[in-house]
Amino acid sequence: MLKFYARFEISDQTGDPMTDRDMTLQHYSKITSLQKAAFSKFPDLRLFALANVASVDTRETLQKHFKNLSDKALRAIATYLNLVPPEGKEDETPWHRLDKDFLRELLISRHERRISQLEELNLMPLYPTEEIIWDENVVPTEIYSGENCLALPKLNLQFLTLHDYLLRNFNLFRLESTYEIRQDIEDAVYRLAPWNSEDGSVYFGGWARMAHPIKSFAVVEVAKPNIGEKAPSRVRADVTVTLSLRNEIKHEWENLRKHDVCFLVTVRPTQGIGTKYDYRKSMVDQAGIVYVRGCEVEGMLDASGRVIEDGPEPRPELEGDSRTFRLLLDPNQYRLDLDRASKGNEDVYETFNIVMRRKPKENNFKAVLETIRELMNTECVVPDWLHDIVLGYGDPGQAHYTRMPNEIATLDFNDTFLNMDHLRNSFPGYEIKVQTNDPRKLVRPFKLTFENVVRKQQVGDAAMDEDEPRKAIIVEPHVQPKRGPYLYNEPKKNNILFTPTQVEAIRSGMQPGLTLVVGPPGTGKTDVAVQIISNIYHNFPWQRTLVVTHSNQALNQLFEKVAELDVDERHLLRLGHGEEALQTDKDFSRYGRVNYVLAKRLELLELVSRLQRTLDAGSDAGATCELAHHFHVYHVRPRWRAFLENCQQQTNSIEIVSKEFPFHEFFDDAPKPLFLRKSHEEDMEIAKSCYRYIDHIFEELEEFRAFELLRSGLDRSKYLLVKEAKIIAMTCTHAALKRSELVQMGFKYDNILMEESAQILEIETFIPLLLQNPQDGRSRLKRWIMIGDHHQLPPVVKNMAFQKYCNMEQSLFTRMVRLGVPYVELDAQGRARPSICNLYRWRYRALGDLCHVTQLPEYRAANAGLRHDFQLVNVDDFNGVGETEPSPYFYQNLAEAEYVVAVFMYMRLIGWPAERISILTTYNGQKHLIRDVIDKRCADNPLIGRPHKVTTVDKYQGQQNDIALVSLVRTKAVGHVRDLRRLIVAASRARLGLYIFARANLFRNCYELQPTFNQLVERPLQLELVPGERYPAQRAAGVAVPPELLLSVRDMPHMARYVYDMYLHIVNDAPDARQESGWRAPGGREAARARGAGGHVPAHPGAAPDSDDESDAFTPTDILNEVDEPNAANS
């Protein structure tokens, strides 16, 4: 690593990055100066001095020329080149050495040709092999103490150049992916249980969902290298497997998509048939993993050996269980392997016996690495105002809108403010100037002019030196022209009362430059983002905005809110696979938008035909967009001009507008009367709005004209993306995967808004900046708005060494906050009761509450059946058992799982709706266990059912519910809840009630968590119920409950028994309903049997059967019934 950075491609004098050409010129300059010195001063090196550079600049040739020189000659050359001090001045530089070995190495290392870092990177295989996967020095195991140094790059605050930034991220992303691949391979091999049979072949004693034994493998094509390259341009292979598996798993294998990454593995087990595998020991030694090679799926072959293409046509049905897949191997790796085979080593490609696939969500590493490599091979143009901040240099506030040279003085805030009072309250400390005090005229939309910005633009830098800038705002209400006579022509308006800090965030987002918004839980981050998008859309209609988020769910939430505002839906586009989950009737995907445009075009052409019939002019105007354009120019416009002329001549007449208006018949279906005939001006405004409506029809048709010329759906969708859409939304993963495709298409945008930016990896935040080619060597990016919360969970990095030592979990958002980049912190939450918010309020600067969290009826009422609105419930061991670990890091706690489910059942029995309750936990193992307990106890019971969500705290970030039941699982050590950010997320998911189930003594003594747990332990550690209360509660929040009306739950069996008795009481009170609905006691054998064996079939390969798409690699814990079976049967 020292050698790498000592030779890094950066100027030692100026610190500027150096290109390959610069490095080559520098190398030639050094070696020619050495040749000149040799020619003039050292006749022994005459041969070296006259040789061409390419023949003498390798280490071997330099060694040959310098090895026979004496100490004196070597020192003379080094002195001549100013590498060591001359004789007599040694005392001035005591650091140097003068021995022969040092002087020779000094001359050789300074003058040898260096391999270009970029060239090295381009020759590197992207898939990890067995040499890297199990190398502890490169990919350390999960257990990292943090005490020793590792030979790994770090991501901290500053970087040398963009090349250095990308290279470090490339290496770390590659190694983190390698660590995940290692886990997947070990898990698959463990499940397949390969054994060495008596005849020496490999026998597989188990089976795996994600891996399968190979029947045959053959390389079928090796294409010639491209000019100037050494590796083949393409290597294809066919792999055949026999899929004698359950139908849904067979379907997953058959549905492997193009570009999905698989791994080919060679195992040579030494253990005989029947030997048990131990997952705690090395799988490499036990299973004899010899080779691992990555590959990309091109497609499955049909019966005639052709690749089955993805498309709308149904896939052909193949007979039997044998399936052959066409794979693309890594050409660089193939070349290296063949070079080794030519030297007498084994041919790797004749040995593979396992093929392994991975879950699609975790399998995009190759595409991301290719994107980073591509960025390093192209000229990265980051905007000038952002370049130094990204590298961590200069003034961190230089990109703030107040420091930008193009700050805008007058902005149309559109519908941001609800009324004039709202506007005045939004700018404390500003003098608000208005042209009129008439309240009828002071209605939104408002245009605001900031006088201090005007002053700055007039005076220049001198304005910065003035003691007190003029903090005054000139407010100018403006009437938006009516868009037509119909009710649906009225624009949709914002109805959120934004706080002053939210308004400052919106103002900052509308201005050019970098905007950081820190949004604590429940402070309306999404609403601010949506208003910024809407305001940019209306202020700069020619600009295009790219919206990027971490998850599909957040993107859909944002997109649904944008679609509800006054944004023309033809300008909205959602890229990626998550658009299926959009909760709207409309399809905002690429092809959905194409279909919308085509349908809209027909609808508009029908209106043109109707207009033509009413005017009785032209012919076939509604046939095509082109004919409609001619009709507009030659028939509609002349009539409108004639009407305006007639009206101008008789401005005194009220009747003239209605009498002369040429489109009466067309607007026959508009609300009557069309003209009120009260004043000439009012009627004239109505006539103009009608013409605007007509004009807008032709304007849209002009935009849709290209769709008549472009015939294929692909061309139309590309046109839509590149020309038509103004607000384009995608996830950061989609941006990384599709960058080259977007750049090739000529995709352009002016603004980027990123939601959840504190959850996005550094490199995945940076890539969206570069999804377009520069214009004249400059980036056209004008605004970058990042919204997130660095006090909540960071990006997911599974390997502890990469997470902590390499600081890979630090997002770019967090790094900028650490660098001191100015940010707006939203300071009023409207999600949780103030008492619940106090659990995490201390973590933020000045987090207050919006008034509705104390005024709305649901916040003023207590939680039905429960004494407290939040409580820490102590859970002791059950049958002497606390936490268990059926497989590594797969923690479970049966007592907590049963307790949480019992409380959920109790809440359902007293009337709480299931969709208002979420069960959260801090470990995947516990999530699966709770789901199992729910399945066995109550899932199919019509009286109880399932909660809204059972998931991990990490997966639930960004979501909320009325009640959160949280299980912290651990009883021996605090575990990863010690990360305060995880506790902040867990505590901030609930609106009305938070109930945490944990070993109280363990967590209350954890120093990091004390500010929250000190508040939790002030309340009783036994769950306190209020029996007899029904949902919704009539009791007010905070009202004391008499002790005789309370039930204090001793432990989990007590709660389970109480819920069971309560259930029986309810059922026995309604015997008819019980017989009709088929009630069953929760947890009884009948209930378990009734569930049946039917299961959910995942929609795509590798999807787990649950909503979170997580691993189901675990051994289920036996679930005990707390009720007697005879009683269960009697019920």
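Me: How many residues has helix 7, and what does it reach from its first C-alpha to its last?

Reply: Helices (H or I, at least four residues) and strands (E, at least two) are DSSP runs, numbered from the N terminus. The expected span of a helix is 1.5 Å times one less than its number of residues. Helix 7 (residues 100-111) has 12 residues and reaches 17 Å. That is close to the 16 Å expected. The model is predicted: local features need pLDDT of at least 70, side-chain atom pairs count only at pLDDT 80 or more, and totals for chains, interfaces and linings use all residues. Residues are numbered from 1 along each chain as its sequence is written, and side-chain values use heavy atoms, leaving out hydrogens and water.

Me: Which residues of helix 7 are buried?

Reply: Buried means under 20% relative accessible area, exposed over 50%, partly exposed in between (1.4 Å probe, protein chains only). In helix 7 the buried residues are L103, R104, L107, I108 and H111. Seen down the helix 7 axis, they fall within an arc of 125°, so they line one face of the helix. The arc is taken over directions from the helix axis to the C-beta atoms.

Me: What covers the buried residues of helix 7?

Reply: Look for contact, meaning heavy atoms within 4.5 Å. The cover includes helix 2 (20-41), helix 5 (59-66) and helix 6 (71-80).

Me: In what order do the seven strands form the open sheet?

Reply: Strands of a sheet pair through backbone hydrogen bonds, either parallel or antiparallel. Here two strands pair if DSSP finds at least two bridges between them. The order is 16-17-15-18-19-14-20, with parallel pairing. Strand 16 (572-574) and strand 20 (824-825) are the edges, each pairing on one side only. Three bridges join strand 16 to strand 17 (residues 727-731). R574 has A729 in strand 17 as its bridge partner.

Me: Which strands does helix 20 lie across?

Reply: Axes are lines fitted to C-alpha atoms, for helices over the stretch in contact, and angles run from 0 to 180 degrees between N-to-C directions. Helix 20 (residues 525-539) lies across strand 15 (545-549), strand 17, strand 18 (751-754) and strand 19 (783-788). Its angle to strand 19 is about 165°. Helix 31 (residues 812-819) touches strand 14 (513-518) and strand 19, making about 95° with strand 19.

Me: How many disulfides are there?

Reply: A disulfide is a covalent bond between the sulfur atoms of two cysteines. The cut-off is a sulfur pair within 2.5 Å. The count is zero. For C380, the nearest cysteine sulfur is that of C732, 18 Å away.
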